[in-house]
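User: I am new to this structure and would like to go through it step by step. Could you take my questions one at a time?

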Amino acid sequence: MKIAEVSKRYDISSDTLRYYERIGLLNPVARTPNGIRNYTEADCQRIEFVKCMRNAGMPIEALIEYMHLMDQGDETAAQRKSLLEEQRDRIAERIEAMQEGLNRLNTKIETYDTHLLTVERQMNQARH
């Protein structure tokens with residue numbers, strides 16, 4: 001499958017696919033005799049996995065480490081699982097912080113007419 005087809009299939013730009021190959025997230029893609037990338041189904045499975053992990057919030061650096069470990073085989077399974085657990089914990093922390101922010105905003109919105117609007121008026125008057 002050519003890069004344009006893979007790009008369309010996974011909604012990833014051709015530049016991003018080339019970048020992923022250059023940094024090692026994707027193995028070097030086989031080429032046709034005239035140098036055109038020819039993605040295999042195995043390449044596509046790897047792209048799908050990388051996209052899934054990126055959508056889950058996994059940073060590029062952690063994903064590169066994960067993919068290198070995966071390439072080493074089953075003996076790195078425990079390390080890979082540990083890396084996934086670390087990423088899960090980081091995302092859970094971010095979700096918690098975002099939930100706190102959402103709760104604060106909801107409180108401000110609920111009290112806007114009765115409290116926050118008055119505070120804003122006072123802040124504006126103090127400026128003048």
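User: Which residues of α4 are buried?

Analyst: This is a predicted model, and what follows is computed from it. A residue counts as buried when its relative accessible area is under 20%. By that cut-off, the buried residues of α4 are Ile60, Ala62, Leu63, Ile64, Tyr66, Met67 and Leu69.

User: What covers the buried residues of α4?

Analyst: Helix α4 has 12 residues and reaches 16 Å from its first C-alpha to its last, close to the 16 Å expected at 1.5 Å a residue. The cover over its buried residues includes three other elements, namely α2 (14-23), α3 (41-55) and α5.

User: Which residue with a positive phi follows α4?

Analyst: Most residues other than glycine have a negative phi. The residue that follows α4 has a positive phi, near 100°, and is itself a glycine, namely glycine 73.

User: Where is threonine 76 found, and is threonine 76 buried or exposed?

Analyst: Threonine 76 lies in the loop that runs between α4 (60-71) and α5 (77-110). Once neighbours within four places in sequence are left aside, threonine 76 is in contact with Leu69 and Met70. Because its relative accessibility is 2%, threonine 76 counts as buried.

User: How far apart are the end C-alpha atoms of α5?

Analyst: Helix α5 has 34 residues, and at 1.5 Å a residue these should span 50 Å.

User: Which residues of α5 are buried, and what does their cover include?

Analyst: In α5 the buried residues are Arg80, Leu83, Gln87 and Gly101. What covers these residues includes another helix, and α5 is in turn included in the cover of that helix's own buried residues. The helix in question is α4.

User: What is the phi of aspartate 11, and is aspartate 11 buried or exposed?

Analyst: Aspartate 11 is found in the loop between α1 (3-10) and α2. Although aspartate 11 is not a glycine, its phi is positive, at about 55°. With a relative accessibility of 65%, aspartate 11 counts as exposed.

User: How many helices and strands does the protein chain have?

Analyst: Read from the N terminus on, the elements run α-α-α-α-α-α. The protein chain therefore has, by the definition of helices and strands used here, 6 helices and 0 strands.

User: What is the radius of gyration of the protein chain?

Analyst: Along its principal axes, the C-alpha trace spans about 75 × 35 × 25 Å. A compact globule of 128 residues would have a radius of gyration near 14 Å, but the value for the protein chain is 23 Å.

User: What percentage of the residues in the protein chain are buried?

Analyst: The accessible surface of the protein chain comes to about 9200 Å², and 52% of that surface belongs to carbon and sulfur atoms. Among its 128 residues, the share that is buried is 27%.

Conventions
Residues numbered from 1 in each chain as written. Predicted model: local features only at pLDDT ≥ 70, side-chain atom pairs only at ≥ 80, totals over all residues. Heavy atoms only, no water. Helix = DSSP H or I, 4+ residues; strand = E, 2+ residues; numbered from the N terminus. Buried < 20%, exposed > 50% of the residue type's maximum accessible area, 1.4 Å probe, protein only. Contact = heavy atoms within 4.5 Å. Expected span 1.5 Å × (residues − 1). Rg over C-alpha atoms; globule rule 2.2 N^0.38 Å. Areas by Shrake-Rupley, 256 points an atom, 1.4 Å probe, with all protein chains shown as cover.
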